[in-house]
Amino acid sequence: MNFPSTRLRRLRRTEAMRSLVRETHLHPGALIYPLFICPGESVRKEIGSMPGVFNLSIDEAVKEAEACAALGIGGLLLFGLPAEKDEQATGAWAEDGIVQSALRKFKNSRALAPLVLIADVCLCEYTSHGHCGVVARDGDHYEIENDSSVALIAKTAASLAKAGADIVAPSDMMDGRVEAIRDALDVGGSEQIPVMSYASKFASAFYGPFREAADSAPQFGDRRSYQMDGANLREAMREIDQDIAEGADMLLMKPAMPYLDVIRAARERYDLPMGAYQVSGEYSMLHAAFQRGWLEPERAMMESLLSIRRAGADFIVTYFAKDAAKVLG
Ligand code: PBG
């Protein structure tokens, strides 16, 4: 059947018709909003490169979380800015750590019950040098040690689960961390808590604004010895295989827009629930264009989110979660 008997435009003529045949949908319950929690009270400090995103003290974070729950957003991804940093990332696994304290507060609030509380598990916000693991130095040379980092990361995950995290999400990219986390959770009585692995996380320039938000820029070197090379799709599949074998319950792909092909490949290959993280730089670059009037904010935002769902992500971590939930009503 060819033109003129076939006319694909017939199904595009009205919004009702387009709605009927739409293949991909967005809904607020599949959006996750990141929060950056800092010490103090009544702190609400905007991130320069991320309009509308703030460092929030726990009291302010509770209000922000309530707004998210009211909008029907699915969950929150929690990051912490500790009062003090050291070489062992003590603030990451301390019982009274900043995210642990926030989780206990959140768990006390009835209004927040509909939200899935996801704790990002990493050391970079808590180490004095800003790397995601333990640094071993030998003169000018340094290494980010894998196995000693994994021990601290597992301890961090267990501590966050105990404080009330519904899901723990390791974002460090050390080898073997999913298995170590699963063991630590099980031993600590958190056998019901799922691990959402940032299984294929690429070393990306698009994390730049986040490092301002989370105060986690490495003081020397970069993250390329642990995060993946952006050129490697097959290696991403190996990372995912490994994390599934180690016991990951769900996957998080990251960044999103520059890696939609990787999301698609993972969707076709794996049956685990899979999310994608529209990272800070993706948000900042869209906002920069909005500020100049170069892109229509609402349409560009929704199109960017739809592209990630169409690539195969079940849910999306995004700084646009509140704005998109408002549009979706
Ligand atoms: C921690 C972490 C990072 C992000 C999420 N978890 C930063 C990094 O790896 O440098 C980036 C998120 C974003 O850019 O929005 N390791």
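Me: Which residues are linked with Arg44 in a network of salt bridges?
Reply: Keep in mind that this is a predicted model. A salt bridge here needs a Lys or Arg side-chain nitrogen within 4 Å of an Asp or Glu carboxyl oxygen. Arg44's partners in the network are Glu60, Lys63, Glu64 and Lys322.

Me: And how many salt bridges does a search of the whole structure find?
Reply: One of them joins the side chains of Glu15 and Arg22, at 3.3 Å from N to O. Searching the whole structure gives a total of 18.

Me: Is Glu15 buried or exposed, or partly exposed?
Reply: The cut-offs are under 20% for buried and over 50% for exposed. Glu15 has 43% relative accessibility, so the label is partly exposed.

Me: How many residues apart in sequence are the parts that Asp166 and Lys107 tie together?
Reply: The two side chains meet in a salt bridge, 2.9 Å from N to O. Asp166 sits in the loop between α5 and β8, while Lys107 belongs to helix α4, so the pair ties together parts with a sequence separation of 59 residues.

Me: What about Glu268 and Arg264, which helix do they lie in?
Reply: Their closest N and O atoms are 3.3 Å apart, and they form a salt bridge. They are 4 residues apart, about one turn of the helix, and both lie in α9.

Me: Of that pair, which residue counts as exposed?
Reply: Exposed takes over 50% relative accessible area. Arg264 has 32% and counts as partly exposed. At 62%, the exposed one is Glu268.

Me: Switching to rings, why is the pair of Tyr142 and Phe220 edge-to-face?
Reply: A search of the whole structure turns up 11 aromatic pairs. For Tyr142 and Phe220 the ring centres are 4.7 Å apart. Planes over 60 degrees apart count as edge-to-face, so this pair gets that label because its planes are at 80 degrees.

Me: How far apart in sequence are the parts this pair of Tyr142 and Phe220 ties together?
Reply: Tyr142 lies in strand β7, and Phe220 is in the loop between α7 and α8. That means the pair ties together parts separated in sequence by 78 residues.

Me: What kind of aromatic pair do Phe290 and Phe320 form?
Reply: Phe290 is in helix α10 and Phe320 is in the loop between β12 and α12, 30 residues apart. Both Phe290 and Phe320 are buried. Their centres are 6.3 Å apart with 45 degrees between the planes, and the pair is tilted.

Me: Now the surface: which residues form a negative patch?
Reply: One member, Asp147, is found in helix α5. With 61% relative accessibility, Asp147 counts as exposed. The patch is formed by Glu143, Glu145, Asp147 and Asp175.

Me: Which residues form a positive surface patch?
Reply: One of its members, Arg10, lies in the segment before α1. Arg10 is partly exposed, at 43% relative accessible area. The patch consists of Arg7, Arg9, Arg10 and Arg12.

Me: What is the area of the nonpolar surface patch with Val21?
Reply: Val21 is in the loop between α1 and β1, and is partly exposed at 39%. Leu11, Met17 and Leu20 make the patch along with Val21, and its area is about 370 Å².

Me: Ser42 and Ala89 have a positive phi; which of them is buried?
Reply: Most residues other than glycine have a negative phi. Ser42 has a phi of about 55 degrees, and Ala89 is near 55 degrees. Ser42 is exposed at 53%. With a relative accessible area of 0%, the buried residue is Ala89.

Methods:
Residues are numbered from 1 along each chain as its sequence is written. This is a predicted model: local features need pLDDT of at least 70, side-chain atom pairs count only at pLDDT 80 or more; totals for chains, interfaces and linings use all residues. Side-chain values use heavy atoms; hydrogens and water are left out. Patches are made of residues with over 30% relative accessible area and no salt bridge: like charges are joined within 9 Å, nonpolar side chains (Val, Leu, Ile, Met, Phe, Trp, Tyr) within 5 Å. Accessible areas come from the Shrake-Rupley method with a 1.4 Å probe; for residues, only the protein chains shown count as cover. Lys and Arg count as positive and Asp and Glu as negative; His and the chain ends are not counted. The place of a charge is taken as NZ of Lys, CZ of Arg, CG of Asp or CD of Glu. Helices (H or I, at least four residues) and strands (E, at least two) are DSSP runs, numbered from the N terminus. Buried means under 20% relative accessible area, exposed over 50%, partly exposed in between (1.4 Å probe, protein chains only). Rings of Phe, Tyr and Trp (its six-membered ring) pair if their centres lie within 6.5 Å; planes under 30 degrees apart count as stacked, over 60 as edge-to-face and the rest as tilted.
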